[in-house]
Amino acid sequence: MSTLEKDDSMPTTGAIRIEDVVKVYDPDGAAVMAVDHCSIDIPAGEICMIVGPSGCGKTTLLNTIAGFHGLTSGHIYLDDEILCGPGKEKAEPGSDRIVVFQNGALFPWKTNLENIAFGPMMEGKLSKAEIYDKARKMMADAGLEGTEDSFPGEVSSGLRRRVEIVRALMNEPKVLLFDEPYRALDSLTKSVMHEALLDIYYKNKVTIFFITHDLEEAIFLGHRLIIMSSRPCKPKKIVEVDIPHPRDYSVLTSPRFREIMNEAKGVVNEEARKAFEAGEKEG
Amino acid sequence: MSQSNTTMNLTMYRISSWLKSPKPYLMFIGFGFVLSFWYFSVEVWKLPRFQDMPALTEVIEEWFSKDPYYGLSVYTPEYYKHIGISLRRIAYAFCLATALGVPLGLFLGWSQKLREFIFPLFELLRPIPVLAWVPLAIIMFSGSETPVIFLTFLASFFATTLNTMLGVESIDEEYSRAAYCLGASRWQTFVHVVVPGAMPYIFTGLQISIGVAWFSLVAGEMVSGQYGLGYIINTAYIMVQYSQIIIGMITLGLFGYITSALVRVAGDYMMQWRVRELALGGD
């Protein structure tokens, strides 16, 4: 938290507190522990990178915050308000916490503009004209002009991801939940997407909960890395990224970046090996 | 650029590239092969068992005769009355099957409870062939028109409902989750995600539905009714007017093809996003 700028641009809401969360899956009577007594505190406006091997239960954690799954025990708070915990088994999905999905979930049957306008249209507080004006403006700000009337299937995957982030921001969420959104992109597109995401973040500061297993991505974007253990998932090590924001791609070659990379790599590799060996045994 | 304009250009482009490809010529060769086999086997080689078959030249002469021997050709109003009545039955049955089958399929796919309630009954009735329904249809409905429409409706209805249900089940869960995240209610998610998401399957269902509608129509018209293409075929057989059988059959094939093409065009019109995605080769 030491690396988070304490200036006026930081939002006052959007802090997430995950407290002693346990999630046990019970398929076919065989209990599988996905999340094991996990506690994470994310201050408002932080970009918090959750790093861990594939299948460690990171997505389970994200799904409980979003309200797609319930918890077995523990609490999750958003700005001291309880999202889920005992007595409230499952959080209500809502537009204060919006997920950007791994495979992208733009509606292919709606144009990019209709996709972006979707949240406010459902809410129904503003008129259609007002919503579409705002949507066009936000698209222009994110460099998406000219693609308003195209369908998501007609534009590149990198562009689709940007549309999806803008769609989320239209609802003015407190928290954005990213579930490895750039996993399927090639590394060149990825680096463009990272700068685009930071650019959007500097303009609309929100709390970002970002799942990834790409260390370079994690260090480049995040204020903090929370390295998770292999299944069951719990924080293993926290790495502060004390490279000041705003960042651009030149930080990748800075000595400090390399130092942090080396510090994190050892832990990540160890967990990845454990996950791999556990997978071997199960298989 | 308006949507209809894009569709128009796309259609023109498709037609011109179709003409440049070998496809239309292969198609003519295919037709030519079958027609010349018919001509030679009946009229030139006079193969055994082919001697009673109506000859190609005889059928064409009768079909396009101003004074047809058996009273049915493209110049007689009677011919169009048969076509008109068959088409009207198809229209009633197909529209009814669509109006009932699509909503039922949507709700069956959407609601677990409804599915458990209705689906077993549905699956028990579905495999019963239309011909087995003939006696019951005649007992249940008065006159000669309603039993035929009922029989035609039946098979269409099952095809439409089942495909629509599968369509709902095929929708990626992430789309519904994204809608909930963006603040959509359950009903809004149904309207904006489930209905358009199931659309490709619905139209596949409608393609099957129009095909089986013609199938059941002919079955119905052979046992009941005084007009229609199925009636022509059956009567011509009884009256030993064999060339009329072929006229009836070819007319059925022609109108079956046209109606099925109409369904496809309607589908393309309603799923612009899909047409454009496929035209561009997706990603």
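1. In this predicted model, strand β3 (residues 47-51) of chain A pairs with strand β8 (residues 207-212) of chain A; the pairing is parallel and extends over 5 bridges. Within this part of the fold, Met49(A) is placed opposite Phe210(A) of β8(A).

2. Strands β3 and β8 belong to an open sheet of 6 strands in chain A, ordered β6-β7-β8-β3-β9-β10, and the pairing in this sheet is mixed. Its edges are formed by β6 and β10 (235-240) of chain A, each of which pairs on one side only. On average, neighbouring strands of the sheet are turned by 20° against each other, direction ignored.

3. Helix α4(A) packs on this sheet, where it touches β6 and β7 (175-179) of chain A. The direction of α4(A) makes about 175° with that of β6(A).

4. Chain A also contains an open sheet of 4 strands, with the order β2-β1-β4-β5 and antiparallel pairing. Here the edge strands are β2 (32-42) and β5 (81-84) of chain A, and each pairs on one side only. From one strand to the next, the twist averages 30°.

5. Within the sheet of 4 strands, strand β1 (residues 16-25) of chain A pairs with β2(A) in the antiparallel sense, over 7 bridges. Arg17(A) has Asp41(A), in β2(A), as its bridge partner. Helix α1 (residues 58-66) of chain A lies across β1, β2, β4 (73-78) and β5 of chain A, and runs at about 115° to β1(A).

6. How many residues does each chain bring to the contact? Chain A provides 31 residues and chain B provides 23 residues. The size of an interface is often expressed as the accessible area lost when the parts come together. Between them, chain A and chain B bury about 2400 Å², of which 65% lies on carbon and sulfur atoms.

7. Across the interface of the two chains, 1 salt bridge is found. Arg276(B) forms this salt bridge with Glu154(A), and their closest N and O atoms are 3.1 Å apart. Residue pairs in polar contact between chain A and chain B, both at pLDDT 80 or more, number 7.

8. On the side of chain A that touches chain B, the elements giving two or more residues are β6 (97-100), α2 (112-123) and α4 (157-169) of chain A. Of these, α4(A) gives the most, with 4 residues. The residues on this side of chain A comprise 14 nonpolar, 11 polar and 6 charged.

Definitions and conventions: Residues numbered from 1 in each chain as written. Chains lettered and ligands numbered in written order. Predicted model: local features only at pLDDT ≥ 70, side-chain atom pairs only at ≥ 80, totals over all residues. Heavy atoms only, no water. Contact = heavy atoms within 4.5 Å. Buried area = accessible area lost by both parts, 1.4 Å probe. Salt bridge = Lys/Arg side-chain N within 4 Å of Asp/Glu carboxyl O. Polar contact = N/O pair within 3.5 Å; in protein donor to acceptor, adjacent residues only side chain to side chain. Nonpolar A, V, L, I, M, F, W, Y, C, P; charged D, E, K, R; others polar. Pairing = 2+ DSSP bridges. Axes fitted to C-alpha atoms, helices over the stretch in contact; angles between N-to-C directions.
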